[in-house]
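Q: Could we go through this model together? I would like to start with the terms and then look at particular places.

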Amino acid sequence: MKRPNLLGICCNWSPWTCLNAAGRTNLELPPDLRIIRVMCIGRINQALILKAFEYGADGVILLECRDEDCRYGPGPEVGHANVTLVRSLLDLLGIDQQRLVERSFEAHEKDRMVTELWNFAERIEAMGANPAKPRQEREAV
Amino acid sequence: MDSARITKIIRDNALYQCLECGKCSAACPRMLAGKQYSPRLLAQKLISERDDEAFIESSVWECLTCSLCQERCPSGVDISRVILEMRSLLAAEKGLKGYRAHDGALHSWMRMMTSPELKQNRLGWVSADLKTAETGKVAFFSGCAPYFDVFFAHLGVDTLAIARDSVRLLNFLDIEPVLLKNERCCGHDLLWAGDRENFETLCRLNYEEFKKAGIEEIIVSCPECYSMLGTHMPEVIPECDIKVTLLLDLLQKEVRKGGKAFKPFETTVTYQDPCRLGRVSGCYEAPRYLLGQIPGLVLREMENSGRGAICCGNSGFINCDAYSKNIQVQRLQEVSATGAQLLVTACPKCMIHLSCAMRDPARNEKVSVPIRDLTSLLAQGIEWTG
């Protein structure tokens with residue numbers, strides 16, 4: 001089977017600290033996962049999550065801080081609301097809602113993060129390819 | 001830019017007939033909302049100054065495509081069609097531009113529907129009281145209603161009520177429509193955003209679904225779906241022989257036959273003509289006729305109504321900006337000037353956009369008015385007589 005296309009969207013604060021620590025201690029991460037670092041998961045709206053699926057992601061994981069740790073205030077709550085809404089849309093489209101995952105971390109939880117990422121990668125690989133892979137949009141140059 | 005193709009677009013749509021009278025610009029809601037925007041100047045640039053690509057591009061992408069300019073044009077220039085074809089041309093050459101509202105979320109899911117393997121889960125809204133059939137010759141096309149219902153839930157807009165009430169009205173007329181599990185979006189927003197390729201894919205997939213189910217007639221309540229399935233789909237699929245019926249037309253015909261009436265509803269309403277229903281499909285009379293059949297209901301027209309109706313501020317979910325908001329506020333002020341207690345419209349997008357403008361906390365009290373779809377209004381009161 002073609003390797004799955006996995007996207008992780010990672011908040012710059014606690015989750016990125018975990019990821020950095022995991023890298024420094026040479027913990028292995030799923031090879032099919034691409035990570036985008038953003039300042040806060042609250043920056044990610046429904047459209048950006050949908051776009052990941054439109055562009056062929058088989059699974060998307062949002063890596064965010066715990067609700068009470070957000071450096072800006074409502075970031076993770078915005079994340080929860082967006083995940084709920086996008087999951088409803090994915091369900092209408094017949095895309096398994098489990099392809100969109102949300103996990104929160106404290107800054108010291110590098111081992112748990114690595115475990116969660118491997119779990120995510122294995123679960124999506126077991127699900128197979130995303131049924132809704134459209135032709136790609138031609139982006140403005 | 002492909003100059004030969006531009007010339008063809010100009011010839012096909014009578015743009016050389018432009019007299020430079022400027023009525024299009026004077027009527028343009030965007031211009032009246034304060035934006036420097038001129039369809040007349042676009043015509044001039046397309047005809048004689050094609051090297052000003054920056055101007056042409058921005059004008060082509062910024063149009064709301066409400067067709068009011070076309071209505072006012074004394075020479076019969078098909079400006080909307082010029083915009084539509086120029087968008088396809090520019091998109092093919094330079095990529096999709098134009099600011100997509102909601103960051104393009106709607107266009108994303110519409111494009112996702114172009115995957116042939118898609119198995120949607122879109123019929124959760126069908127309540128137990130609705131009578132629908134598994135097979136048959138007549139289908140009801142619910143369009144994007146289930147998706148809008150999720151995406152615009154925060155506006156308090158219930159687009160699924162329109163779908164349910166449409167089926168109720170059909171049931172009342174003894175029609176048990178087929179609801180297709182895998183119908184796609186009609187493609188309106190993709191086509192008007194310049195993405196012709198994906199629009200055509202949606203058309204083909206929809207046509208295949210209709211044919212597979214043995215459908216001969218599609219009933220639609222959304223004016224955009226009506227224009228896409230009825231006018232644009234046969235252009236993509238020449239052998240298309242499916243009859244597309246607008247629910248309002250069907251109702252008007254049935255009510256005229258007699259035997260049906262509406263329960264009295266004492267209220268004053270005003271009616272927002274959706275651009276895709278009025279100017280694009282020429283349907284002005286049916287909604288007014290049907291409103292006139294409700295005893296006790298008084299229809300007060302807005303200052304700009306019928307052929308001159310002002311746009312709800314956006315049509316293909318592109319280029320929603322401060323000027324769109326101005327247009328919406330102006331429109332809502334026209335509504336309150338009529339003294340109507342209820343604003344009736346016939347397009348889910350008018351409902352979404354005008355409800356959005358009403359949420360402005362600074363203007364809320366001045367422009368807020370209950371808004372309902374005509375289909376729901378009719379479904380609540382239709383009954384058999386004698």
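A: A residue is buried if 20 or more other C-beta atoms lie within 10 Å of its own, exposed if 12 or fewer, and partly exposed in between, with C-beta atoms placed from the backbone. The model is predicted, so local features need pLDDT of at least 70 and side-chain atom pairs count only at pLDDT 80 or more, while totals for chains, interfaces and linings use all residues. Residues are numbered from 1 along each chain as its sequence is written, and chains are lettered from A and ligands numbered from 1 in the order in which they are written.

Q: Is B:Thr385 buried or exposed, and why?
A: B:Thr385 counts as exposed because it has 8 C-beta neighbours inside 10 Å. Its place is in the segment after strand E9 (382-384) of chain B. Strands (E, at least two residues) and helices (H or I, at least four) are DSSP runs, numbered from the N terminus.

Q: What is B:Thr385 in contact with, leaving aside its neighbours within four places in sequence?
A: The contacts of B:Thr385 on that basis are B:Gly259, B:Lys260 and B:Ala261. Two residues are in contact if their C-beta atoms, placed from the backbone, lie within 7 Å.

Q: And B:Met228, buried or exposed?
A: B:Met228 counts as buried, because 29 C-beta neighbours are inside 10 Å. This residue lies in helix H13 (residues 223-236) of chain B.

Q: How many residues along the chain separate B:Met228 and B:His188?
A: They are 40 residues apart along the chain, and their C-alpha atoms are separated by 6.2 Å. Beyond four places in sequence, B:Met228 is in contact with B:His188 as well as B:Cys186, B:Gly187 and B:Met233.

Q: Which residues are buried in helix H5 of chain B?
A: In H5(B), residues 53-62, the buried residues are B:Ile56, B:Ser59, B:Val60 and B:Trp61. They pack against helix H4 (39-48) and H7 of chain B.

Q: Changing topic, what is the strand order in the open sheet of chain B?
A: The open sheet has 3 strands in the order E1-E2-E3, with parallel pairing. Its edge strands are E1 (138-141) and E3 (243-246) of chain B, each pairing on one side only. Two strands pair if DSSP finds at least two bridges between them.

Q: How many bridges join E2(B) and E3(B)?
A: Strand E2 (residues 217-220) of chain B pairs with E3(B) over 4 bridges, in the parallel sense. B:Glu217 has B:Lys243 in E3(B) as its bridge partner.

Q: Over to chain A: at what angle do H2(A) and H3(A) cross?
A: The axes of helix H2 (residues 46-54) and helix H3 (residues 75-92) of chain A cross at roughly 45° and come within 9 Å. Axes are lines fitted to C-alpha atoms, for helices over the stretch in contact, and angles run from 0 to 180 degrees between N-to-C directions. H2(A) and H3(A) are therefore oblique to each other; angles under 35 degrees count as roughly parallel, over 145 as roughly antiparallel, 65 to 115 as roughly perpendicular and the rest as oblique.

Q: Which residues make that contact between H2(A) and H3(A)?
A: H2(A) gives A:Gln46, A:Ile49 and A:Leu50, and H3(A) gives A:Asn82, A:Leu85, A:Val86 and A:Leu89.

Q: Finally, how many residues of chain B are in contact with chain A?
A: There are 27 residues of chain B in contact with 25 residues of chain A. On the chain B side, the largest share, 5 residues, comes from H8(B).
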